[in-house]
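My entries follow in the order in which I checked them.

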Amino acid sequence: MSDLVLSDLADGVLTLTFNRPERLNAWTEALGTRYFDLLTEAERDPAVRVIVVTGAGRGFCAGADFQTLTALQDGTLEAFTERRPNTFPVSVRKPVIAAVNGACAGLGMVHALVCDLVFTAAEAKWTTAFSRRGLIAEYGLAWVLPKLVGQARALDLLLSGRTFTGEEAAGLGLALRAVPREELAGVVGDYARDLARNSSPASMAVIKRQVWGDWDLGLDDSRTAAERLMAESFGRPDFAEGVASYLEKRPPEFPPFTG
């Protein structure tokens, strides 16, 4: 099970790699459990400041494994034991960046879009796929997609189940950038290391909670909450270090995030 998701930590960046390349990293419960366990460990590890998620081989994640779908259809699938939801990465208090290196379909697309930031290979193939399998918009995608791309574009992607490229995904707003596949790891690595070196872990944790949590708030409620959070930030050592490093023209030395 430990080989289902590979883990590598360097320079404050933890890279998690879905590792079922012969199946385009199709999702299984065991893979999901291992992924969520590693995210949980990463949140507790002060050496981890940023998390990158990608896939081995030619795919990011090609959706639910067809053996699972077949078992669901014929009623032979045993009960799921994993109780953490597929939106679990949203609750992790460190930035999670998806590096979509290839096929990103169905449940795989869900797992890309519940990351905080997405980079994609320009030639990667994306699809929601659900309508073409007799399924519905799964695991909160009907909530996430309209907020990212607008209602009409979300309905296009969900109703048609059409395949589109990473380049179009970036143009729609699903990904921050689309780059040639051979450049993806380097581009994402540079971005993640910059966050790990120069951004306060405490600030990133609060900002992540604000952005995901404020989607359903009105402007006044969001502003009021931000005023309280800003007052709290003035008392953290990160604020003193951020100001001092700027005035002294040196890289910041922010403490690890401790919750």
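I looked up F36 and found it buried, with a relative accessible area of 2%; buried means under 20%, exposed over 50% and partly exposed in between, with a 1.4 Å probe and protein chains only. W27 also counts as buried, at 8% relative accessibility. The two form a tilted aromatic pair, 6.2 Å centre to centre with 50° between the planes. I used these cut-offs: rings of Phe, Tyr and Trp (its six-membered ring) pair if their centres lie within 6.5 Å, and planes under 30 degrees apart are stacked, over 60 edge-to-face, the rest tilted.

This is a predicted model, so I note that local features need pLDDT of at least 70, side-chain atom pairs count only at pLDDT 80 or more, and totals for chains, interfaces and linings use all residues. Residues are numbered from 1 along each chain as its sequence is written, and side-chain values use heavy atoms, without hydrogens and water.

I counted twelve aromatic pairs in the structure. One aromatic cluster is formed by F18, W27, Y35, F36, F60 and F88. R84 lies over the face of F88, at 5.6 Å from the ring centre (the criterion is NZ of Lys or CZ of Arg within 6 Å of the centre and within 35 degrees of the ring normal).

Next I went to strand β5 (residues 96-100), where five of its five residues are buried. V96, A98 and V100 point one way and I97 and A99 the other. Strands here are DSSP E runs of at least two residues, helices H or I runs of at least four, numbered from the N terminus; two strands pair if DSSP finds at least two bridges between them. Strand β3 (residues 50-55) runs parallel to β5, joined by three bridges, and I51 stands opposite V96. Four bridges join β5 to strand β7 (residues 117-121), also parallel, with F119 as the bridge partner of A99.

I then traced an open sheet of four strands, in the order β4-β6-β8-β9 with mixed pairing. β4 (59-61) and β9 (164-165) are at the edges with a single partner strand each, so one side of each has no neighbour in the sheet. β4 and β6 (residues 103-105) run parallel through two bridges, and C61 has C104 as its bridge partner.

Last, I checked helix α4 (residues 141-149) against helix α5 (residues 151-160): their axes come within 7 Å and cross at roughly 130°. That makes α4 oblique to α5. Axes are lines fitted to C-alpha atoms, for helices over the stretch in contact, with angles from 0 to 180 degrees between N-to-C directions; under 35 degrees is roughly parallel, over 145 roughly antiparallel, 65 to 115 roughly perpendicular, the rest oblique.
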